[in-house]
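Here is a short briefing on a protein model and its ligand. Look through the structure first, then read the points below.

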Amino acid sequence: MSDRETPPQAVGDVLFTAEQIAQRVAELGEAVRRDYTGRPLTIVAILRGSIAFLADLRTHLAEDVTIELIEASSYGDGTASNGQVSIRRYGTLDVADRDVLLLDDIADTGYTLVKVREAIEAMGPRSVRTCVLLDKPSRRRVDVALDYRGFEVPDVFVVGYGLDLAGRYRGLPYITRLDGD
Ligand code: IMP
Ligand code: MG
């Protein structure tokens, strides 16, 4: 290892296994599919943390779902957002007059969802709802409505299934806390 790299932290307790995640994502997908019957849905997935959730959730949705991508980054001390969220769109981001479901990996302070929601609302959608795999309510700084929510997590930093720490661990098939956190 070069001295420019920091050693990976050991992963601690598994919070949700791949099987538990698959089961919960299927339940969420079925709920979304039911609620949007007859209304073509546009998912706006917030990169990059939502990649695994998006890939699995869409397998439970109707054939006419469309997928748009947006990238959001927060600035803070590494594991906490300070409310400054920068948003970058990919391509056309066609949401005018659409029923939009904002998808993210986790609601922590809530800043990301609030800021992305504001940006999407300004584009004239027909409706906007939110869907997160994980909710960490103990850390909320701004009020955000979560219409679909997979699991509640305690105030620990979690990685895996798309969630990262400085770019690491996104590929883990399960969700775990980092040792020492
Ligand atoms: P918020 O803006 O503070 O709600 O945080 C949202 C973003 O921070 C999420 O989309 C995640 O990318 C990241 N994040 C928050 N908590 C965690 C965590 O425990 N593990 C990994 N990423 C997290
Ligand atoms: Mg994120």
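Predicted model: local features only at pLDDT ≥ 70, side-chain atom pairs only at ≥ 80, totals over all residues.

Leucine 133 touches Ile21, Val25, Phe53, Asp104, Asp105, Arg149, Gly150, Phe151, Tyr161 and Ile175, leaving aside residues up to four places away in sequence.

**Nonpolar cores**
- The largest nonpolar core has 30 residues. Leu133 is among those with the most contacts inside it, along with Ile43, Phe53, Leu57, Leu134 and Ile175.
- At least two residues of this core come from each of helix H1 (18-35), strand E2 (41-47), helix H2 (51-57), strand E5 (99-107), strand E6 (127-135) and strand E7 (148-152).
- H1 gives the largest share, five residues.
- A second, separate core has 17 residues, including Ile70, Ala72, Leu113 and Val128.
- In soluble globular proteins, nonpolar side chains tend to be buried together.

**Shell around ligand 1**
- Ligand 1 has 16 residues around it, and Asp105, Thr109, Gly110, Thr112 and Val158 come nearest.
- The shell divides into seven nonpolar, four polar and five charged residues.
- E5 supplies the largest share of the shell, four residues.

**Polar contacts and cover of ligand 1**
- Threonine 112 places a polar side-chain atom 2.5 Å from an oxygen atom of ligand 1.
- Lysine 136 also has a polar side-chain atom by a ligand oxygen, at 2.9 Å.
- At valine 158, a polar backbone atom is 2.5 Å from a nitrogen atom of ligand 1.
- On its own, ligand 1 has 490 Å² of accessible area, and the protein covers 88% of this.
- Two or more shell residues come from each of E5 and helix H3 (111-121).

Terms used
Residues numbered from 1 in each chain as written. Chains lettered and ligands numbered in written order. Heavy atoms only, no water. Core = buried A, V, L, I, M, F, W, Y, C linked by side-chain atoms within 4.5 Å. Buried < 20%, exposed > 50% of the residue type's maximum accessible area, 1.4 Å probe, protein only. Contact = heavy atoms within 4.5 Å. Near = heavy atom within 4 Å. Polar contact = N/O pair within 3.5 Å; in protein donor to acceptor, adjacent residues only side chain to side chain. Areas by Shrake-Rupley, 256 points an atom, 1.4 Å probe, with all protein chains shown as cover. Nonpolar A, V, L, I, M, F, W, Y, C, P; charged D, E, K, R; others polar.
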